[in-house]
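Here is my note on the model, as numbered points. Please read it alongside the sequence and the coordinates.

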Amino acid sequence: MSRLEETFKNLWAKEDVIINAICFLMALVFLYFAAANLIWAGDFLTTDALFMTVVFLLLAGVLMISPLLWLQKHGYFKKLVGADVDTEPVELVPVHFEGTTRLFAGILGWLLGLTFIEVVLAYFQVPIILMLTILIGLSLVKAALIIAYFMHLKFERLSLVLTLIPALVICICLFFIFFPDSMRSKNLRYSATESQSQTAEP
Amino acid sequence: MSTEAHAENLIAADWEGGSLPYRVGHKKLGMWLFIVSDALTFTALLMGYSYVRASSEQWPEPFKFSPSILFSTVMTLCLLASSFTMVMAVKASARKDRKHTRRWIMATMLGGLLFLGLHITEWKHLIDEGLTPKSLPAEWVKEWPKASYLFGSTFFAITGLHMFHVFTGVCYLGFIALRVRRMSHEDVEISGLYWHFVDLVWMFVFPMIYLLSVYRGH
């Protein structure tokens, strides 16, 4: 190995460390923001405070991914998720876990069951805020089941999952910034009599 | 060094890149990226719907449990069943069983067409009652005098766009089924990804548009 090549190799190793250290520091900064928000925001259970906390925690989590994977690769702790690439025989042609019919039928059963629960909630006319919370929760579970099993994402490489899911989740969370405004604009409405005369003539 | 062995050296650990960073074909990666962006389109629409609903003084809750909610539940079951047949089609295609792949895809298309037929029937009923994107039926205005006509706008925009996706999906699957002999396994799998995504979107549209507007009486 020539000297030049060796220098490049050392530089590459250092770059690895530096980038991961920066990611780690930024994750710490966002964790600090989340904690600061928790302590100094005053009333914590408002839409604004919750929004800030969620966004900061999400950003911290995403920035942590790279350093954690790096540490894992260097054997600092045991691998938690994803297939172990070192021991797995490497396939050039993309090969997938096929899944048994029984597994997919089971997933279908779960989806039908959760849908049934949702419809039952509508039948008993549960109060609307409680119903909204339960429905969104159940729908998220259903979405996760469809993505993981029907769309095979559970059996794809971890890098694909990390490319697609965090970006989507963060973008969706950012949409929540509109809600305080929607509550506010409700209070800025015309009085009931005025709006009544408005809707009467479409 | 043979090409295979060379490529083997280039495959690195997760998140390290290598020659096949995702170990999926470029078409499949493209479909995944499309799905993510399309998911954001539907998120934006559903968020817009939530926004106007939260900022309205009153919102119509016109869907009686029987027949409206039961009707849309049957539509949901159609989509769920068609998702399952699509999984079976992908499994058959993995076995290189072209005949069964085609049959399962046809079953999936049938589920999709059934969904479309039921959905159009429902639209027709609502339009006959007098619901348009710009006005509410007279009876609804009597029952919810402070409600805005945005109910119609959001309802037709969201379910309409979803219906368009189902229609596109049926056409796409029809194309795959016709040329199934020339399609690789991955092509069938990608069409499956799209179909499951359409199902996934309905899993949010159904509770938010229908179940949360169930008729509660007075």
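1. Helices here are DSSP runs of H or I of at least four residues, strands are E runs of at least two, and both are numbered from the N terminus. α3(B) itself has 30 residues, and at 1.5 Å a residue it should span 44 Å; its end C-alpha atoms are 42 Å apart, which agrees. The expected span is 1.5 Å times one less than the number of residues.

2. A word on conventions. The model is predicted: local features need pLDDT of at least 70, side-chain atom pairs count only at pLDDT 80 or more, and totals for chains, interfaces and linings use all residues. Residues are numbered from 1 along each chain as its sequence is written, while chains are lettered from A and ligands numbered from 1 in the order in which they are written.

3. Chain A has seven helices and zero strands. Of its 202 residues, 13% count as buried (20 or more other C-beta atoms within 10 Å of a residue's own; 12 or fewer is exposed, in between is partly exposed; C-beta atoms are placed from the backbone). In chain A, 65% of the contacts with a separation of 6 or more join residues 24 or more positions apart. A contact means C-beta atoms, placed from the backbone, within 7 Å.

4. Helix α1(A) covers residues 3–40. Its 38 residues should span 56 Å, and the end C-alpha atoms are 55 Å apart, which agrees. α1(A) is hardly covered, with two buried residues. Just after α1(A), Gly42(A) takes a positive phi of about 80°.

5. Of its 68 residues, Ala89(B), Val205(B) and Leu211(B) touch the most other members. Elements giving two or more residues include α3 and α4 of chain A and α7 of chain B. α7(B) gives the largest share, 17 residues. Leaving out residues up to four places away in sequence, Val205(B) touches Ile158(B), Thr159(B) and His162(B).

6. α4(B) and α6(B) pack at about 155°, with axes 9 Å apart. Axes are lines fitted to C-alpha atoms, for helices over the stretch in contact; angles run from 0 to 180 degrees between N-to-C directions. The pair is therefore roughly antiparallel (over 145 degrees). Residues of α4(B) in the contact include Met109(B) and Phe115(B); those of α6(B) include Val166(B) and Leu173(B).

Notes
Core = buried A, V, L, I, M, F, W, Y, C linked by C-beta atoms within 7 Å. Contact = placed C-beta atoms within 7 Å. Parallel < 35°, antiparallel > 145°, perpendicular 65-115°, else oblique.
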